[in-house]
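Here is a friendly walk through one model, taken feature by feature. Please keep the sequence and the structure in view as you read.

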Amino acid sequence: RPRPSGGGTETARPCLRADACVLLLTLLLRPAACGDIAAGATSGDAPHRRFEYKYSFKGPHLSQGDGTVPFWVHTGNAIPSADQIRITPSLRSQQGSVWTKNVVKFEHWEAVVTFRVSGRGRMGADGLAVWYTSGQGLTGPVYGAADQWNGVGIFFDSFDNDGKKNNPTVLVVGNNGKLVYDHQNDGTTQSLGTCLRDFRNKPYPVRAKITYYKKTLTVLINNGFTPDKEDYEFCTRIENMIIPVEGYFGISAATGGLADDHDVLSFLLFRLTEPGQQLMPKEEKDKYQEEFENFQQELDKKKEAFQKEHPDVQGQDLYESVNEREIRQIFEGQNRIHLEIKQLNRQLAMILDEQRRYVSVITDEVSKRGTQTQSGQPPSQDTDALMTLQRDVLNNLNDLRNTFSASLKQISSAQQLQHGSAGGLGTYETVQHFNDIKEHLHVVKRNIEHIIQKNSGPGEKVKCPELPPMPSCLSTTHFVVFVVIQSVLFFGYIMYRSQQEAAAKKFF
């Protein structure tokens, strides 16, 4: 079996040769260098990328009303939805695939596949595959697609058929249309490149960037541990690789005795062009130019017909300008602020009335206590402090209410200015109005902070009564017996699960 690229660590041996030092420096480089590796360019110039929508799909409106995906065909147990395509559900012996309807005719490309493989078990099966082949392998025994394909397949194998405990893994397998896939050995005897990556049950979707540029195939993997979409790690690279000039892209998956949900969230394809070359062939460019000219002529005809039918609107601009749109957005925001301040003003009025009621109740209580106290006994200091605090809160709320009233007046004057003259927004008076509103809002903020500081002042903390000690309901003997019984049941369950997993293990 070839050694997995980047799938494990080797024991470092001391070496002072120059080539070992260069290798060490290469390993210490930042992961950003993966972009140049993915491009496969020997020079420092990166290729031009052009998105190809006819060979791509993504949510949120992925499938149409009849369940089809534009420019793609799905077979087997594949289930398209609005935001993803479930290639296979988590049921046993399921197969499904999706393939492009149009033939890919460009030489260099880059595919970014976002998928999620999830299941309840500790192990899953069988896996997911990304294809580029000369024909559509709609169904078959290789991860739900046809065997003896002509092209390349990138396999995300999650089941350990050979029992070497080297799964989940990523393999790149090429075929000229004559080889039969080696299921018994997980394809390791035919793989051109491989790396160990655990892509099951990740918190974020897993992404694979597959690049074919200048006869070099590069695979980068985002393990799905972070939400960063560009956090790729190098998996493998195959040089001097020849694939068909024309072919189809496809994604397939299969389950066996064990099962996982294989969901593909998006497949984005980009055409790569060498620097200095035309991004679009001349024939395709001329076709698009002709379509644009025809559309422009039809638009001019519709404009002339509209002007003939509506002579009264000639010379008028039916669309708002940039300045008018900005003015409208500003005053819509001011209206929303006006409504919010009105709501706050009503709430402050309610709080003010409540505080006044509290102050009157406390005053009555203090007066009653004052008449009942004996001569020479000082009044309660806690009651005086509470009354002082209530008065401060009442004064602050009055200040807030006055400030909100001033803000409402300022905004009302700004709205009157809008109705009077929309073009005067940039005058000094309008700017002064907005500055006054801003200042009043700052005053409100400071007053609220002052109230919070007043209410959170130092004071005596109320001590809660301590809970009585809980009586011991479990003796030592009962506890030991309970632990022994739980341990026996746990080990019995582990042995039962191991037997079930061994019985469920399948061979192709």
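Phe479 belongs to helix α7, which spans residues 476–504; helices here are DSSP runs of H or I with at least four residues, strands are runs of E with at least two, and both are numbered from the N terminus. With a relative accessible area of 46%, Phe479 is partly exposed. On that scale, buried means under 20% relative accessible area, exposed means over 50%, and partly exposed lies in between, using a 1.4 Å probe and protein chains only.

## About the model

This is a predicted model, in which local features need pLDDT of at least 70 and side-chain atom pairs count only at pLDDT 80 or more, while totals for chains, interfaces and linings use all residues. Residues are numbered from 1 along each chain as its sequence is written, and side-chain values use heavy atoms, with hydrogens and water left out.

## The disulfide

A search of the whole structure turns up one disulfide, meaning a pair of cysteine sulfur atoms within 2.5 Å. Its partners are Cys195 and Cys235, with sulfur atoms 1.9 Å apart. The pair links distant parts of the chain, 40 residues apart: Cys195 is in strand β11 (residues 191–196) and Cys235 in strand β14 (residues 233–238).

The link between Cys195 and Cys235 is left-handed, with -90° about the S-S bond. Are these cysteines buried or exposed? Cys195 counts as buried because its relative accessibility is 0%, and Cys235 counts as buried at 0% as well.

## Aromatic pairs and a cluster

The whole structure holds 22 aromatic pairs. Rings of Phe, Tyr and Trp (its six-membered ring) pair if their centres lie within 6.5 Å; planes under 30 degrees apart count as stacked, over 60 as edge-to-face and the rest as tilted. Tyr132 and Phe249 form a tilted pair, 5.0 Å centre to centre with 50° between the planes.

Phe267 lies in strand β16 (residues 261–273) and Phe249 in β15, so the pair ties together parts that are 18 residues apart in sequence. One aromatic cluster takes in Tyr132, Phe249 and Phe267 along with Phe57, Trp72, Trp109 and Tyr212. Phe57, in strand β2, is buried with a relative accessible area of 5%. Phe57 and Ser266 are 209 residues apart in sequence, yet 5.6 Å apart in space, C-alpha to C-alpha.

## Salt bridges

The structure holds 12 salt bridges, each a side-chain nitrogen of Lys or Arg within 4 Å of a carboxyl oxygen of Asp or Glu. In one of them, Arg86 meets Asp261 at 3.8 Å, N to O. That pair joins strand β5 (residues 85–88), with Arg86, to strand β16, with Asp261, 175 residues apart. Arg86 is partly exposed at 27% relative accessible area, whereas Asp261 counts as buried at 14%.

Arg200 and Asp260 form another salt bridge (2.8 Å, N to O). Arg200 lies in the loop between β11 and β12 and Asp260 in the loop between β15 and β16, so the pair ties together parts 60 residues apart in sequence. Both residues, Arg200 and Asp260, are buried.

## Backbone details

Most residues other than glycine have a negative phi, and most peptide bonds are trans. Here, the bond from Gly59 to Pro60 is cis, with omega near 10°, and Pro60 sits in the loop between β2 (57–58) and β3 (72–76). Phe71, in the loop between β2 and β3, has a positive phi near 70°.
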